[in-house]
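Me: I would like to go through this model by question and answer, with the conventions stated before the details. Could you begin with the terms that the discussion of domains relies on?

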Amino acid sequence: MFAGLLPVVVVIALALGAYGLQRAEVIGPYWLNVLCNMGINILLAVSLNLVNGFTGQFSIGHAGFMAIGAYVAGWITYYGGLLIWNEVPVTPPEGWFPPQVWLFAAGCVGGGLVAGLFGWLVGLPSLRLRGDYLAIVTLGFGEIVRVLLQQTGPVLADAAAVKDAGLSSAMALGGSLGFVSVDTGLGLTAFNNLFWTVFFLGATILICYRLKQSSTGRAFLSVREDEIAAQAMGINLTRIKVRAFVIGAVLAGIGGGLFAHQSGNNLTPTDANFVRSFDILIPVVLGGLGSISGVVLAAALLTMLPEILRNPGEYLPLWPWLGAVAAIGIGVGLAIRHRRALREVCFAVAILALAPVLLALAGWACKKPGWITEKGFELGEYRMILFALLLVLMMILRPQGLFGVHEVWEMGKLFKKKPPKDPMGPAPVASALNSVASRGGGRL
Amino acid sequence: MNAAASAARPAPAAPSGPALLDVRDIGISFGGLKAVQAFNLHLPRGVLYGLIGPNGAGKTTVFNLLTGVYTPMTGTITLDGTRIETCRPHQIAAAGLSRTFQNIRLFGELSVIDNVRLGCHVRGRHGLASTLLRTPGHLAQEAAITRRSMELLEIFDLADRAGEQSRSLPYGDQRRLEIARALATEPKVLLLDEPAAGMNPQEKKELAGTIRLIRERFGLTILLIEHDMGLVMDICERITVLDHGQIIASGTPSQIQSNPKVIEAYLGEPGGAA
Ligand SMILES: Nc1ncnc2c1ncn2[C@@H]1O[C@H](COP(=O)(O)OP(=O)(O)OP(=O)(O)O)[C@@H](O)[C@H]1O
Ligand SMILES: [Mg+2]
């Protein structure tokens with residue numbers, strides 16, 4: 001029992017540590033914002049990876065679940081706050097964990113649960129069908145969520161109105177304006193901070209890791225590898241797919257809750273649209289369909305991409321460090337002869353380490369007047385073109401993503417000795433059979 | 001347990017007696033093509049049964065019908081007293097029918113041992129809460145799965161490749177890994193679709209020994225599709241011959257070998273009219 005809880009304690013400790021740095025203002029407002037957004041993006045990508053990576057289904061409506069979680073969480077903190085405290089604070093109240101923030105955490109969880117319910121409703125019928133249908137259904141789902149959210153009424157401004165409205169306040173989510181009250185100009189409070197980001201992100205990664213290490217995760221992967229063989233081995237395809245889909249939706253909903261309360265974000269129905277789903281999908285495809293660490297690294301890098309391109313000069317000095325990582329990766333990779341998977345992980349790490357340096361260099365060169373164009377230009381403005389090119393390249397060169405299903409921590413195997421050859425020699429069949437038979441060899 | 005490993009093989013099972021797998025009149029057609037028609041099979045417990053026939057005869061289709069990949073258009077399939085012809089594939093696997101595939105269908109990206117572990121999945125309970133909380137019960141089950149998988153890998157001499165990606169295995173090893181994976185589901189009846197395909201004579205000889213041994217030790221009933229007549233005649237107690245989706249002969253290996261219809265099916269039609 002203790003061993004099972006230890007990582008949870010570690011996650012909480014990390015979250016407290018990060019929050020401590022934030023409160024001590026070691027991490028300034030700019031980096032706070034970048035890090036929180038990075039955490040949310042990673043969380044969303046890792047949750048989608050359960051569906052698209054582990055289970056091999058192609059969902060392209062993940063933003064729909066995120067938006068549902070965001071709006072439900074927003075509904076809980078906004079109207080809940082009005083009912084309990086009679087106000088919507090502009091900024092979170094002072095203190096490490098003011099009571100409003102617990103309502104926010106509950107809102108995130110509630111958003112996750114509602115998103116999971118929708119995941120079940122969408123997944124159950126569509127996951128029975130052949131793979132391609134899921135893409136169409138999820139795409140449609142995201143658009144439906146967006147349109148429905150646009151139809152909602154204006155945000156209620158005071159507690160009395162909320163009491164009158166009761167549960168129908170769920171229909172007062174601001175419509176296409178977003179979750180902002182027209183009367184008071186107040187939107188959702190920016191409750192999110194590094195504690196909740198790290199906490200929910202850590203929980204998400206832990207959940208995915210434990211799934212991957214377990215029979216359930218193997219079942220996910222087997223469905224992705226070969227549905228017919230998986231079924232023949234007794235895997236209930238629909239149940240396994242729905243399970244992955246619902247867990248993915250729950251986690252996306254939680255991510256949505258964080259997103260809705262992140263400072264600088266204004267929650268609007270367009271957050272459910274295809275563009276955002278695509279943003280969540282890119283790191284999954286790049287990092288590796290099925291690799292948790294690969295997706296984490298790719299999502300982190302992609303969050304940094306606009307920041308790097310905004311100020312390429314600031315990131316150029318990083319080149320010796322990242323270059324060293326890349327060199328080690330390539331060197332170790334070349335030295336590994338017979339373990340293809342490990343070698344690929346090395347190269348993937350090297351590529352990811354080189355990417356920011358090359359990006360900074362490219363952004364810097366583009367900015368310089370007279371280098372590439374006469375006046376110089378912001379490469380960041382062509383972000384979507386870069387993504388598209390990257391995806392096309394990936395699909396051609398390495399369709400399973402940089403890391404495939406492999407994880408960075410599998411590198412640890414390099415330091416393990418291979419088990420010695422079976423001393424029984426070339427015909428161990430009979431003796432091994434005896435050992436199985438004597439142990440029952442029967443039911444587990 | 002006992003010394004049955006080296007005992008002489010049981011006398012050919014009679015076609016009567018209680019059948020573990022009882023197949024009556026199943027058939028399926030694809031468009032106009034009658035791939036399998038009025039197929040009957042009577043597998044007594046513990047038998048090693050051969051299913052042979054020329055290319056395209058419908059052997060693999062029979063396997064697909066038995067395992068629920070296709071639903072038979074006619075007929076019934078009874079496994080140990082339970083009707084399974086309308087069940088879905090995973091239910092059939094849970095009921096105790098497991099198979100290998102003619103064109104190997106391993107989970108290629110997964111490691112060798114994970115392939116076998118996946119086979120153990122169907123015999124366990126995998127609650128989400130216990131998985132995420134790593135309860136002692138969950139950990140014990142996972143450990144049991146790993147232990148049993150290693151034991152199965154040892155039988156097939158794959159234990160020292162347990163951590164390798166299964167797609168990187170040599171062809172013969174992949175075939176044997178498929179059998180190990182099928183055994184992990186703890187089947188009552190094991191269906192092997194051309195397990196010796198692509199193996200060299202030495203490997204085939206070892207495979208024959210392994211098939212006999214797993215049959216004895218796990219109390220299996222085995223239905224075997226194989227093109228290598230030497231292997232089939234050597235290890236099977238009874239054989240059914242399919243041609244153009246229909247049974248043309250059933251009997252002991254010696255009866256089959258001397259059956260003129262079988263010889264005709266394999267050598268082509270002497271009449272020449274088609
Ligand atoms: N899903 C399908 N759709 C259409 N035709 C099929 C399908 N499956 C099998 N067939 C046809 O049914 C016939 C029997 O095929 P099957 O694969 O069962 O033969 P087989 O006896 O296993 O042959 P081989 O020894 O070459 O493996 C073939 O003519 C094949 O083309
Ligand atoms: Mg066949």
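Reply: Domain bounds come from an automatic or database domain assignment. This is a predicted model, in which local features need pLDDT of at least 70 and side-chain atom pairs count only at pLDDT 80 or more, while totals for chains, interfaces and linings use all residues. Residues are numbered from 1 along each chain as its sequence is written, and chains are lettered from A and ligands numbered from 1 in the order in which they are written.

Me: How far apart do the C-alpha centres of domain 1 of chain B and domain 2 of chain B lie?
Reply: In chain B, the assignment gives a domain 1 made of the two segments 4–96 and 187–267, and a domain 2 that runs over 108–178. Taken between their C-alpha centres, the separation of these two domains of chain B is 27 Å.

Me: Which element gives the most to the side of domain 1 of chain B that touches domain 2 of chain B?
Reply: Eight residues of domain 1 of chain B are in contact with six of domain 2 of chain B, contact being counted when two C-beta atoms, placed from the backbone, lie within 7 Å. On the domain 1 side, α2 (89–95) and α7 (201–218) of chain B each supply at least two residues; helices (H or I, at least four residues) and strands (E, at least two) are DSSP runs, numbered from the N terminus. By class, this side has five nonpolar, two polar and one charged residues, where Ala, Val, Leu, Ile, Met, Phe, Trp, Tyr, Cys and Pro count as nonpolar, Asp, Glu, Lys and Arg as charged, and the others, Gly among them, as polar. With three residues, the element that gives the most is α7(B).

Me: Which element supplies the largest share of the shell around ligand 1?
Reply: The shell is drawn from chain B and includes Phe30(B), Gly53(B), Lys59(B), Thr60(B) and Gln102(B), a residue being near a molecule if its C-beta atom, placed from the backbone, lies within 6 Å of it. Four of the shell residues are nonpolar, seven are polar and one is charged. Both β2 (33–44) and α1 (59–66) of chain B supply at least two residues each, and the largest share, three residues, comes from α1(B).

Me: How do the residues of the side of chain A that touches chain B divide by class?
Reply: The contact between the chains takes 41 residues from chain A and 52 from chain B. Among the elements of chain A that give two or more residues to it are α1 (2–23), α7 (194–212), α8 (215–225) and α15 (340–367). By class, the residues on the side of chain A are 22 nonpolar, 11 polar and eight charged.

Me: How many of the residues of α8(A) are buried?
Reply: A residue is buried if 20 or more other C-beta atoms lie within 10 Å of its own, exposed if 12 or fewer, and partly exposed in between, with C-beta atoms placed from the backbone. The buried residues of α8(A) include Arg218(A), Phe220(A), Arg224(A) and Glu225(A). Of the 11 residues in α8(A), the number buried is 11.

Me: At what angle do helix α3 and helix α4 of chain A pack?
Reply: The contact of α3(A) with α4(A) has 13 nonpolar, 10 polar and no charged residues. Axes are lines fitted to C-alpha atoms, for helices over the stretch in contact, and angles run from 0 to 180 degrees between N-to-C directions. For α3 (residues 62–85) and α4 (residues 99–126) of chain A, the axes lie 7 Å apart and the packing angle is about 145°.

Me: Why does Arg181(B) count as buried?
Reply: Arg181(B) belongs to helix α6 (residues 171–184) of chain B. Beyond residues up to four places away in sequence, Arg181(B) touches Met233(A), Asn115(B), Val116(B), Leu118(B) and Gly119(B). Arg181(B) is buried because the number of other C-beta atoms within 10 Å is 30.

Me: Is Asp80(B) buried, exposed or partly exposed?
Reply: Asp80(B) sits in the loop between β4 (74–79) and β5 (82–83) of chain B, and it has a positive phi of about 50° although it is not a glycine. Because 17 other C-beta atoms lie within 10 Å, Asp80(B) is partly exposed.
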